[in-house]
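Welcome, and thanks for opening the viewer. Let's walk through this model together, one selection at a time.

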Amino acid sequence: MTSAVLKRVVRREIHSPRTVSTVIVLALVVVAAIYVGVEIVLHLLGVGPFLVAPGAALTWLQELPDQHQGLVVAGGLLVAVAGVVLVWFALGAGRRPKHELGSSSYAVLVDNGVIASSVAERVRRELDLSKGAVVVGVGHRSADITVRPEPGQPVDRRHVRAVAESELAGYELSPRVKVRARVLRAADVEGLS
Amino acid sequence: MNATNRGVNRAVLFIVGVLLIGVGGATVMAMLWPVAGDLWKSWSSTGVDWMVSADQASRISEATTVSWFTLAILALLALMVVIAVIVIARLGGGRSIVVIREEVGTGALGSVTIRHGFAADAITRSLESREEILSSKVNARRLWGADVLHVSVTPRQNVSPVEVAETVTGLVGRLATLLGREISTIVTIHSGIRSRLAADQSRVN
């Protein structure tokens with residue numbers, strides 16, 4: 001009936017609206033514009049400048065290449081980097097860490113954290129591991145599973161992968177998630193730390 | 001989820017970003033490359049000369065230093081502020097209090113509206129009794145001419161999202177059966193600080 005609207009809602013829910021960065025940028029623009037306006041008005045009234053008079057600022061700008069190099073170059077680089085970040089924000093997808101659940105007839109969106117903890121619980125139960133022995137990270141297209149069994153407890157990497165895959169298959173996530181499993185032995189843990 | 005115009009957001013970020021890249025890049029070039037430095041000086045002195053002459057040519061009267069040129073600049077700055085405020089004020093929106101509306105003529109009994117509070121109460125009360133669901137929130141939105149119900153739930157940690165989805169969509173489905181109309185619904189399942197804190201409460205399965 002309104003599946004087109006629902007599709008659109010889902011797409012909007014999965015991507016960031018960029019509202020926070022837009023508000024910050026616009027607030028800075030407003031502050032800068034008001035400041036320049038105040039300086040011009042002060043100049044017109046013949047009152048001393050708040051920070052710098054418009055004429056002095058223009059002269060400074062004109063003679064910029066003769067000023068202290070290091071500071072101005074650093075400032076320019078900073079401004080350019082901020083610009084690159086903003087352009088990246090404008091053009092990037094801005095995906096939120098969520099997946100759509102395909103197993104329901106309604107539109108259902110799940111945080112990656114919920115998927116991760118549920119998969120971890122299933123793996124933990126299936127392999128009879130202690131609490132905290134399974135760590136799962138779910139990304140946009142992959143799930144990383146790290147298992148840390150007790151010393152002497154045999155755990156097969158392929159088994160871990162199969163269990164996690166069977167759990168994820170029940171979710172019918174979109175986009176699909178690829179499982180990568182890792183088993184850390186007690187010796188490895190010591191070697192790492 | 002709301003009716004924010006995201007194209008405007010991204011356009012603002014893009015324009016400001018390109019301007020900053022231009023300004024920053026030009027500054028660095030002018031400082032580090034003598035040719036660009038000379039170009040900067042000649043262009044900026046041309047610009048400042050033009051501004052000074054425009055200022056002097058457009059004086060409002062002989063007695064003042066106020067010129068139409070400065071007034072135009074002030075107006076431009078005011079316009080920038082107004083546009084920025086309008087963009088900020090138009091963010092968000094789309095919240096609705098109606099879940100289902102039947103205009104006169106489409107329903108058997110004339111005009112019928114089901115308000116958001118009814119659906120919200122029905123769903124949140126039912127979810128409250130559920131052990132595995134910590135909190136739930138129901139919003140109604142009117143987006144692009146359609147009413148959309150948004151149910152967001154935070155389950156306890158380690159609960160399967162499929163079970164949660166079945167619970168919630170089951171409720172919505174029963175509500176739809178009761179009302180005799182399909183409700184376009186989106187369900188979001190969240191992980192949050194609350195679900196992590198509540199994870200250690202042991203459950204008997």
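How many residues does helix H5 of chain A have, and what does it reach from its first C-alpha to its last? Before you look, keep in mind that this is a predicted model. Now select residues 112-127 of chain A: helix H5 has 16 residues and reaches 22 Å, close to the 22 Å expected at 1.5 Å a residue.

**Stop 1: around helix H5**

Among the buried ones are A:Asn112, A:Val114, A:Ile115, A:Glu121, A:Arg124 and A:Leu127.

**Stop 2: from H5 to H6**

Next, pick A:Arg122 and A:Glu167. They form a salt bridge, and their closest N and O atoms are 2.6 Å apart. A:Arg122 belongs to helix H5 and A:Glu167 to helix H6 (residues 157-169), so this pair ties together parts of chain A that are 45 residues apart in sequence. Are the two partners buried or exposed? A:Glu167 is buried, at a relative accessible area of 12%, while A:Arg122 is partly exposed, at 26%.

**Stop 3: a salt-bridge network**

Now select A:Glu13, A:Lys98 and A:Asp111, which are linked in a network of salt bridges. Zoom in on A:Lys98 and A:Glu13, whose side chains meet at 3.8 Å, N to O. Because A:Lys98 lies in strand E1 and A:Glu13 in helix H1, the pair ties together parts of chain A that are 85 residues apart in sequence. Both A:Lys98 and A:Glu13 are buried.

**Stop 4: a pair in chain B**

**Stop 5: where the chains meet**

Finally, show both chains. The contact takes 73 residues from chain A and 68 residues from chain B. About 6100 Å² is buried between them, and carbon and sulfur atoms give 72% of that area. Highlight A:Arg12, A:Gln62 and A:Tyr106: they supply 12% of the area that chain A buries against chain B, more than any other three residues.

How many salt bridges are there between chain A and chain B? The count is 0, but 14 residue pairs are in polar contact across the two chains. On chain A, the side touching chain B divides into 42 nonpolar, 21 polar and 10 charged residues.

How values were computed
Residues are numbered from 1 along each chain as its sequence is written. Chains are lettered from A and ligands numbered from 1 in the order in which they are written. This is a predicted model: local features need pLDDT of at least 70, side-chain atom pairs count only at pLDDT 80 or more; totals for chains, interfaces and linings use all residues. Side-chain values use heavy atoms; hydrogens and water are left out. Helices (H or I, at least four residues) and strands (E, at least two) are DSSP runs, numbered from the N terminus. The expected span of a helix is 1.5 Å times one less than its number of residues. Buried means under 20% relative accessible area, exposed over 50%, partly exposed in between (1.4 Å probe, protein chains only). Contact means heavy atoms within 4.5 Å. Buried area is the accessible area (1.4 Å probe) that two parts lose on being put together, summed over both. A salt bridge is a side-chain nitrogen of Lys or Arg within 4 Å of a carboxyl oxygen of Asp or Glu. A polar contact is a pair of N or O atoms within 3.5 Å; within protein, one must be able to donate a hydrogen and the other to accept it, and residues adjacent in sequence count only if both atoms are side-chain atoms. Ala, Val, Leu, Ile, Met, Phe, Trp, Tyr, Cys and Pro count as nonpolar, Asp, Glu, Lys and Arg as charged, and the others, Gly among them, as polar.
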